[in-house]
Amino acid sequence: AQGYESENFLYTLKHFPGIGKSKIDPHKEVSNVEDSKEILDAEDLPPFKKIISGHDNSKFMIMVGHLVYDALDPVNSASLSPAVMTRLLRDELGFQGVVITDDLEMGAIKNNTDLATLGVKMILAGGDIALICHNYESQQIVYNSILAAVKNGKIPEERINESVRRILKMKAHLQ
């Protein structure tokens, strides 16, 4: 973090809340982490806690992975979980910067939910940027689903504005 910041680079911490305990490659399928919250606090979260508390949160993003953490939210992947992105990352750890998902075209997530639903769930869970790496058509689907959800009131416009403010604050460091 210090090295990136000394050179005015934006950087990303990943894969929140930890990916080392995955039993299955998330590029292919979803994996559950069965550890208790206490074990996650002791083993997986310390690097994130240290940088969140010790650095300007607008100078980096946190990428949320697609694993399911049974102790936090046994139903949703972390990248679609309000328990992970809002309650743990924002409320408990105090992160105020940009939250980006891992690629929504990965098997762990795309095999279980359609792309239009993924974008909306990610925003409602507390994410700011839906990462889609390989397919412009997929990007359009997610963008259009988020836009439609804002227009029909499912996603409040103020929720989008929160993300825009965080993104603009982060980008301001590049000038």
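The largest pocket in this predicted model holds about 290 Å³ of space. Its lining is made up of 15 residues. Nearest the pocket's centre lie Ile 123, Asp 128, Ala 130, Tyr 143 and Ile 146.

The biggest share comes from α7, which supplies five residues. Sorted by class, the lining has 12 nonpolar residues, two polar ones and one charged one.

Now turn to how two of these helices meet. The axes of α6 and α7 are 8 Å apart, and the helices pack at an angle of about 55°. The crossing of α6 past α7 is right-handed.

Next, the residues that make this contact. On the α6 side they are Leu 115, Ala 116, Gly 119, Val 120 and Ile 123. On the α7 side they are Ser 138, Ile 141, Val 142, Ser 145, Ile 146 and Ala 149. By class, the contact has eight nonpolar and three polar residues, and no charged ones.

Two names link the helix contact to the pocket. Ile 123 takes part in the contact from α6, and Ile 123 is also among the lining residues nearest the pocket's centre. Ile 146 takes part from α7, and Ile 146 too is among those nearest the centre.

Conventions:
Residues are numbered from 1 along each chain as its sequence is written. This is a predicted model: local features need pLDDT of at least 70, side-chain atom pairs count only at pLDDT 80 or more; totals for chains, interfaces and linings use all residues. Side-chain values use heavy atoms; hydrogens and water are left out. On a 1 Å grid over the protein atoms alone, a cavity is a set of points where a 1.4 Å probe fits but cannot get out, and a pocket is an open set with protein on both sides within 12 Å along at least five of seven lines; lining residues have an atom within 4 Å of a point. Grid points are joined across faces, edges and corners, and a volume is the space filled by probe spheres set on the points. Helices (H or I, at least four residues) and strands (E, at least two) are DSSP runs, numbered from the N terminus. Ala, Val, Leu, Ile, Met, Phe, Trp, Tyr, Cys and Pro count as nonpolar, Asp, Glu, Lys and Arg as charged, and the others, Gly among them, as polar. Axes are lines fitted to C-alpha atoms, for helices over the stretch in contact, and angles run from 0 to 180 degrees between N-to-C directions. A crossing is left-handed if the near helix is turned anticlockwise from the far one by less than a right angle, and right-handed if clockwise. Contact means heavy atoms within 4.5 Å.
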